[in-house]
Amino acid sequence: MTTYHAAFRCVEGCPGEWPIDQVIYECPDCGGLLQVSHDLEALKARSGAAWIKAFDDRWMTRVWPYGSGVWGKKEWVMPQIRDENIVSTAEGGTNLFWAERYGKSIGVEDLWIKNCGNSHTGSFKDLGMTVLVSVVKQMIADGKDIRAIACASTGDTSAALAAYCATAGIPAVVLLPKGKITTAQLVQPLANGARVLALDTDFDGCMALVRKLAKEEGIYLANSMNSLRLEGQKTVAIEIVQQFDWSVPDWVIIPGGNLGNVAALGAGFDMMLELGLITKRPRLCLAQAEKANPLYRAYKAGWDKFEPIVAGETEASAIRIGNPVSVHRAIRALKKYNGVVEQATEAELAEASAAADRAGAYTCPHTGVALAALEKLVARGEIKKQERVVVVSTANGLKFTQFKIRYHEDRIPEVSSKHRNTPIELPNDYEAVKRAVLEGVPS
Ligand SMILES: *Cc1c(COP(=O)(O)O)cnc(C)c1O
Ligand SMILES: [Zn+2]
């Protein structure tokens with residue numbers, strides 16, 4: 001039997017390889033990020049067609065751990081984890097929604113929304129966290145001294161970390177910017193028993209503190225500079241292609257903050273190309289909120305120089321990041337996939353989100369950012385009417401109830417809500433009810 005193997009290597013190409021169960025986040029030579037590198041020669045011993053068959057046979061199966069969308073691709077994700085150490089909530093395998101009416105309303109006929117928010121904790125962060133927490137569980141089982149896993153978070157990372165740690169029985173610590181995340185996102189880690197620190201700073205401030213804790217206190221770091229998460233997240237690319245019977249869409253649009261997810265998306269397509277499952281590349285579009293748009297600015301300036309910014313307040317709170325950790329690997333992925341970067345104002349993201357909701361979706365504000373980017377690309381003819389487009393929806397709209405309520409009550413600053421819809425309050429009176437009902441339906 002072939003044995004598969006993954007290890008850490010420097011993203012910048014410095015020599016050396018480190019085992020995935022070593023506590024290491026940066027290259028000792030250049031200080032750059034590490035990436036998980038797979039033994040592709042071993043993986044190539046199976047043909048592309050054989051991998052497709054294996055992945056299709058495992059899709060939604062009851063055989064542990066393959067029913068998970070992530071662990072169904074175990075050899076490509078983290079082959080050395082022993083099955084008893086896998087911490088899974090059957091993540092992945094989320095629905096791909098044909099957004100037919102919304103698509104047609106903006107001029108595209110083949111538009112799909114990949115609902116990554118229909119997952120255990122309501123965001124795509126589950127896909128990465130299952131891998132990271134499984135690796136840590138195995139490290140602990142093998143006698144490594146790890147006291148807790150910690151992260152700084154704009155909300156969804158901490159929800160995922162807390163849930164997977166609670167599943168595994170490992171202590172979790174989360175550092176949040178006080179008052180800058182939604183109630184749902186705050187209550188999730190609390191409910192799962194994490195130690196939650198609400199700090200008087202922004203996300204970037206929380207990040208600096210958690211890095212110091214990881215360096216000095218033996219706390220394992222779960223932020224996306226830790227490349228383990230990207231290995232799980234890259235399965236989104238594979239799932240999308242699998243859900244189209246192994247055909248590649250023309251475009252994939254994704255909202256980005258720390259920019260790990262777009263890099264992961266690229267890595268997923270890279271592996272499918274390399275291992276012969278697909279032959280075509282999609283184009284990628286990374287969408288940012290105008291209030292937190294450092295990558296958009298770099299793109300407009302011809303990619304030459306990237307400058308961190310101080311991110312402003314945006315409804316898309318999970319991508320309110322001015323100094324993204326994975327910026328270089330994101331730029332590499334975007335260049336390779338003929339990528340573009342777009343941005344959305346608060347009004348654009350709120351209206352796009354509401355318009356998609358009107359056509360049957362229930363979108364979070366980050367997905368609104370991606371949809372607004374889509375609308376711009378269609379309007380200027382860069383995306384053509386017949387092209388197949390997938391928008392990656394990163395979180396469940398139910399986590400963002402306040403955003404929805406404030407939109408429909410027309411209370412979001414800089415937005416005058418076009419699709420406003422509020423309850424009609426009436427007395428307990430048949431005639432009044434009848435009038436109200438008939439007014440709203442075609443005669
Ligand atoms: C984390 C997150 C993002 C951003 O992903 P990055 O990898 O940081 O670019 C987008 N949307 C939601 C809902 C998120 O939780
Ligand atoms: Zn290096």
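The following questions and answers concern a predicted model.

Me: Which strands do the buried residues of helix α8 pack against?
Reply: Helix α8 covers residues 203–216 and reaches 20 Å from its first C-alpha to its last, close to the 20 Å expected. Its buried residues are Phe203, Gly205, Cys206, Met207, Val210 and Ala214. These buried residues pack against β6 (148–152), β7 (172–177), β8 (195–199) and β9 (219–221).

Me: Which glycine just after α8 takes a positive phi?
Reply: Helix α8 consists of residues 203–216. The residue with a positive phi, about 70°, comes just after α8 and is glycine 218.

Me: How far is the sulfur of cysteine 151 from the closest cysteine sulfur?
Reply: Cysteine 151 is buried, with a relative accessible area of 0%. A disulfide needs two cysteine sulfur atoms within 2.5 Å, and by this rule the count is 0 disulfides. The closest cysteine sulfur to that of cysteine 151 belongs to cysteine 165 and is too far for a bond, at 8.7 Å.

Me: Which helices hold glutamate 75 and arginine 58?
Reply: The side chains of glutamate 75 and arginine 58 form a salt bridge, with 2.8 Å from N to O. The pair ties together parts that are 17 residues apart in sequence, because glutamate 75 lies in helix α3 and arginine 58 in helix α2. Both residues are buried. The helices asked for are α3 for glutamate 75 and α2 for arginine 58.

Me: How many residues apart in sequence are the parts tied together by lysine 114 and glutamate 239?
Reply: The two side chains meet in a salt bridge at 2.7 Å, N to O. Lysine 114 lies in strand β5 (residues 110–115) and glutamate 239 in helix α10 (residues 235–243), so the parts tied together are separated in sequence by 125 residues.

Me: Is threonine 94 buried or exposed?
Reply: Threonine 94 sits in the loop between α3 (74–77) and β4 (96–98). Not counting residues up to four places away in sequence, it touches Lys114, Asn115, Cys116, Asn118, Glu239 and Gln243. Lysine 114 and glutamate 239, which threonine 94 touches, are themselves joined by a salt bridge. With a relative accessible area of 5%, threonine 94 is buried.

Me: How far apart in space are leucine 33 and glutamate 431, C-alpha to C-alpha?
Reply: Leucine 33 lies in the loop between β2 (18–19) and β3 (34–38), and at 16% relative accessibility it counts as buried. Its contacts beyond four places in sequence include Arg9, Tyr25, Met225 and Arg329. Leucine 33 and glutamate 431 are 398 residues apart in sequence, and their C-alpha atoms are separated by 67 Å.

Me: What is the area of the nonpolar surface patch that includes Val441?
Reply: Valine 441 is found in the segment after α17 (430–440). At a relative accessible area of 43%, valine 441 is partly exposed. Together with Ile424, Leu426, Val433, Val437 and Leu438, Val441 makes a nonpolar surface patch of about 530 Å².

Terms used. Residues are numbered from 1 along each chain as its sequence is written. Chains are lettered from A and ligands numbered from 1 in the order in which they are written. This is a predicted model: local features need pLDDT of at least 70, side-chain atom pairs count only at pLDDT 80 or more; totals for chains, interfaces and linings use all residues. Side-chain values use heavy atoms; hydrogens and water are left out. Patches are made of residues with over 30% relative accessible area and no salt bridge: like charges are joined within 9 Å, nonpolar side chains (Val, Leu, Ile, Met, Phe, Trp, Tyr) within 5 Å. Accessible areas come from the Shrake-Rupley method with a 1.4 Å probe; for residues, only the protein chains shown count as cover. A salt bridge is a side-chain nitrogen of Lys or Arg within 4 Å of a carboxyl oxygen of Asp or Glu. Helices (H or I, at least four residues) and strands (E, at least two) are DSSP runs, numbered from the N terminus. Buried means under 20% relative accessible area, exposed over 50%, partly exposed in between (1.4 Å probe, protein chains only). The expected span of a helix is 1.5 Å times one less than its number of residues. Contact means heavy atoms within 4.5 Å.
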